[in-house]
Amino acid sequence: QIIKPDQQDPAQYAAYLAALKAYKASEHYIVYASLANAPAVPGSEKAFLRSLPDSLDIVALENAGNLTEYDIEDIPQAQAKGTKILYTVDYNTLAESTDAAALGTYLDKVIEDVTVRYGGAMDAAATQAAATIVSKLSSLTGKILMTEGNPLFIAKESHDAITYFVLTTTDAVNTFNIRSQLAYATDYAGIALEKIIITAEPGGKLTDENLVQQPAIAEAAKSVITMGPLAGLGIYNIGDDYYDAYINYKQTKHAIGLLNPANPK
């Protein structure tokens, strides 16, 4: 028989939830994760929202259009912890087969908090698509709208409509690469530094400014502070961080602690 925390001591768990939501409502560095939910064959807890660290601020479901019964059960529980659940719109894929009219129809069905991915070149079709995305999704009052990939995807005059811009820095081999991408995003694309989230993956490595190779998630977390302050850190393929002999999501939890140290009381 599984006895969940809220069943063990309801009053203490309610106090925990209140403290957790107060933390997420406070000024702090955001930690965002992208989850490969709804696998064809779920092999472990790494595919489920229920097992993610409670202190994550935002989780984007990569397969939001194909939710399982487990996702549907887990989403309200995550939201009760103050976690924002995002619908991932992958325009990289949609661009191959969707015209402007079809894109508008598709977006009419998306009423959740949203992150839109696009890493391709900016041509006339991409420019029109970006305008459609902003027009359709920025009107959803109180909702998060994020974009990921090409910093030029959203026109400067529409930057106010975007909550966070996610730079895909997962391919960076050193911190200089991250600085270069940040400079491009701020100086050329005109994105405000405090709206930028940089990304890393559990298996990645980053060479620091002392030319020492470090785990990418931890080093990227440090870069959020030293190169900004930025909005926060994004972790792609977070499921790969699930496995550890002593604690699940070891790198993710370490990064959250680096960015937002607990108040020593």
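**Ground rules.** I'm reading a predicted model, where local features need pLDDT of at least 70 and side-chain atom pairs count only at pLDDT 80 or more, while totals for chains, interfaces and linings use all residues. Residues are numbered from 1 along each chain as its sequence is written, and side-chain values use heavy atoms, with hydrogens and water left out.

**Salt bridges.** I looked up how many there are, and the structure holds six. The term means a side-chain nitrogen of Lys or Arg within 4 Å of a carboxyl oxygen of Asp or Glu.

One of them joins aspartate 54 and lysine 81, at 2.9 Å from N to O. This pair links distant parts of the chain, 27 residues apart: aspartate 54 is in the loop between strands S1 (30-35) and S2 (58-61), and lysine 81 in the loop between helix H3 (69-79) and strand S3 (84-90). Helices (H or I, at least four residues) and strands (E, at least two) are DSSP runs, numbered from the N terminus. I noted lysine 81 as buried, with a relative accessible area of 14%. Buried means under 20% relative accessible area, exposed over 50%, and partly exposed in between (1.4 Å probe, protein chains only).

Next I checked arginine 117 and glutamate 148, whose closest N and O atoms are 3.1 Å apart in a salt bridge. Arginine 117 sits in strand S4 (residues 113-118) and glutamate 148 in strand S5 (residues 145-149), 31 residues apart. Both residues are buried.

Then came arginine 179 with glutamate 209, a salt bridge at 2.9 Å between the closest N and O atoms. Arginine 179 is in helix H7 (residues 175-188) and glutamate 209 in the loop between strands S8 (205-207) and S9 (213-215), so the pair ties together parts 30 residues apart in sequence. Arginine 179 is partly exposed at 36% relative accessibility, and glutamate 209 is exposed at 54%.

**Nonpolar cores.** I looked up which residues touch the most other members of the largest core: among its 60 residues, they are Val116, Phe153 and Leu233. Helix H6 (residues 124-137) gives the largest share, six residues. A core here is a set of buried Ala, Val, Leu, Ile, Met, Phe, Trp, Tyr and Cys residues joined through side-chain atoms within 4.5 Å. A second, separate core has 12 residues, including Ile30 and Tyr236.

I also listed neighbours of valine 116, leaving out residues up to four places away in sequence; among them are Val89, Ile133, Glu148 and Phe153. Contact means heavy atoms within 4.5 Å.
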